[in-house]
Amino acid sequence: FADVFFNRPTMDMVKLLCHSGRGSACSMSDGSDAYLVESPHATTFGVVVLHDARGAGTSHAQDVAGLIAGFGFHVLLPDLVGGNAWDGSSSLGVWTNSQVRENNVAKAIAAREYLQAQTNVTHVACVGFAWGGELAIHLAGQTSSNFGGYSIFAAFYPTRLRAAMCAEVAAPLLCSFGELDNVVGETKVVEVQAALQSARTDRFSVKVFFDQGHGFVDSQVRDEYSAVKALSLLSDWMYTELELICAADTPAWNCEEPQELAPREEEWWPQGQRGVFTNVGYKRWMRRRARWRLHRRPRPDAPPAMDDQELLSLFSGSKVTRSVELPQRVSLEQMVSILNEVWEEAL
């Protein structure tokens, strides 16, 4: 994290990063209201933010949308509940039960379509907070609809989360929680981690932020450093995952690295000299590393295990030489184990 920030950001810096006033209200094709924040830099990546129960009209929801845009994404914050956000007059559970999941999903898909039409982004991430985080995880398991057209998903402290829902996840997913979250609870976080281990994707990550509670990134910020850090890590994760997807779209025979121009000053300082320093060189290296690590060919099946004693005999007594010809393919795990035994005996 020290590679990203020179100093701990102050609340004034957070407000600067939020691009106050740069977003604009808009109306999507289905008539729903939304808040659009376009990145000042050319990008092919977009983000749809799914708000918490208090709706898209809150200052904290719009600030988060602006902050994510500051990291180089076009961002849309749609009103998923048609203006009928939770106002505290009833319990949160009653309000949540009144929501029709199919309608919420339809609005989230319409938001993605609207963002792509307005900004020409090619890949869109879905990032949800609290109630919106639960909706994002639900979408991450919707293989029949191709995940609503979204490429990757992230959820911050998703409420009313069920392990069965996490087990259905089949798209790249990042889950972030606060250590002291009294809404989600430590037990639920452990259940989520266990469920994702058996999910249909191996590209998931669970982050727990020390000494932070529910809403620590948006609605209940008490440590702005942790809030900005969490969103910075989100940005890095999204860039890495989206670059992997773009690399997968590249023909396997095309192995050449595209020529990149020298970074412009505004790339190092996207929010200006008073804002956050972005290590462009590090991000470029991470993107190339992600492309290099991408598996373009299926891996062969693991070789059958060779008898340990037979394998050891090849290295014993007078037969020890600088090279040994193996009678068959041997797994790396078995080979390391055998060599450890040989070296221990030699000592």
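Start by selecting Arg101 and Glu134: they form a salt bridge, with the closest N and O atoms 3.3 Å apart. This is a predicted model. The salt bridge count comes to 1.

Now colour the two helices around that pair. Arg101 lies in helix H4 (residues 101–119) and Glu134 in helix H5 (residues 131–139), so the contact ties together parts that are 33 residues apart in sequence. Arg101 counts as partly exposed, at 24% relative accessibility. Glu134 is buried, with a relative accessible area of 4%; the cut-off for buried is under 20%.

Next, select strand S6, residues 152–156. Of its 5 residues, 5 are buried. In a regular strand the side chains alternate between the two faces of the sheet. Look at each face of S6 in turn. Ile152, Ala154 and Phe156 sit on one side, and they are buried. Phe153 and Ala155 sit on the other, buried as well.

Show side chains for Phe129 and Phe156: Phe129 stands opposite Phe156 in S6.

Last stop: the surface again. Select Asp307, Asp308, Glu310, Glu341, Glu344 and Glu345, which gather in a patch of negative charge. Which helices each supply at least two residues of this patch? They are H11 (308–313) and H12 (332–346). H12 gives the largest share, 3 residues. Finish on Glu341, which has its place in helix H12. At 33% relative accessibility, Glu341 counts as partly exposed.

How values were computed
Residues are numbered from 1 along each chain as its sequence is written. This is a predicted model: local features need pLDDT of at least 70, side-chain atom pairs count only at pLDDT 80 or more; totals for chains, interfaces and linings use all residues. Side-chain values use heavy atoms; hydrogens and water are left out. Patches are made of residues with over 30% relative accessible area and no salt bridge: like charges are joined within 9 Å, nonpolar side chains (Val, Leu, Ile, Met, Phe, Trp, Tyr) within 5 Å. Accessible areas come from the Shrake-Rupley method with a 1.4 Å probe; for residues, only the protein chains shown count as cover. A salt bridge is a side-chain nitrogen of Lys or Arg within 4 Å of a carboxyl oxygen of Asp or Glu. Lys and Arg count as positive and Asp and Glu as negative; His and the chain ends are not counted. The place of a charge is taken as NZ of Lys, CZ of Arg, CG of Asp or CD of Glu. Helices (H or I, at least four residues) and strands (E, at least two) are DSSP runs, numbered from the N terminus. Buried means under 20% relative accessible area, exposed over 50%, partly exposed in between (1.4 Å probe, protein chains only). Two strands pair if DSSP finds at least two bridges between them.
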